[in-house]
Amino acid sequence: MAVTTPTKVNRQTLKLEEALAEIGVSRAAFYRMRARGQAPRHLKLPNGQIRIRRADLDAWFDSCEVQEAC
């Protein structure tokens with residue numbers, strides 16, 4: 001079984017403030033979404049800071065897509 005090393009692109013993370021600016025919600029709204037299990041997957045660092053992987057944010061955006069009936 002081959003082991004792959006994550007590339008720099010796969011490891012790209014955003015600070016919470018950067019992600020909030022991109023998705024256009026406040027910190028309070030993010031924490032409400034998080035409590036409901038609706039926020040993007042995120043990492044909590046030992047110092048308490050939150051980071052969101054670029055891939056997780058993109059996947060979250062994709063999951064928000066709505067199919068409209070014709």
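Asp58 counts as partly exposed because its relative accessibility is 33%; in this scheme buried means under 20% relative accessible area, exposed over 50%, and partly exposed in between (1.4 Å probe, protein chains only). The structure is a predicted model, in which local features need pLDDT of at least 70, side-chain atom pairs count only at pLDDT 80 or more, and totals for chains, interfaces and linings use all residues. Residues are numbered from 1 along each chain as its sequence is written, and side-chain values use heavy atoms, with hydrogens and water left out.

Asp58 forms a salt bridge with Arg54, and the closest N and O atoms of the pair are 3.2 Å apart. A salt bridge is defined as a side-chain nitrogen of Lys or Arg within 4 Å of a carboxyl oxygen of Asp or Glu. Asp58 and Arg54 are four residues apart in helix α3 (residues 54-63), so about one helical turn separates them. Through salt bridges that share partners, Glu22, Arg54 and Asp58 are joined into one network. Helices (H or I, at least four residues) and strands (E, at least two) are DSSP runs, numbered from the N terminus.

The structure holds four salt bridges. One of them links Glu17 with Arg27, with the closest N and O atoms 2.5 Å apart. Because Glu17 lies in helix α1 (residues 16-23) and Arg27 in helix α2 (residues 27-35), the pair ties together parts that are ten residues apart in sequence. Glu17, at 46% relative accessibility, counts as partly exposed, as does Arg27 at 39%.

Asp56 also lies in helix α3 and forms a salt bridge with Arg53, the closest N and O atoms being 3.6 Å apart. At 14% relative accessibility Asp56 counts as buried, whereas Arg53, at 31%, counts as partly exposed. When residues up to four places away in sequence are not counted, Asp56 touches Pro40 and Arg41; contact means heavy atoms within 4.5 Å.

Three strands form an open sheet in the order β1-β3-β2, with antiparallel pairing; two strands pair if DSSP finds at least two bridges between them. Strand β3 (residues 50-53) pairs with β2 in the antiparallel sense over two bridges, and Ile50 in β3 is the bridge partner of Lys44. Helix α3 packs on the sheet, touching β1 and β3, and its direction makes about 70° with that of β3. Axes are lines fitted to C-alpha atoms, for helices over the stretch in contact, and angles run from 0 to 180 degrees between N-to-C directions.
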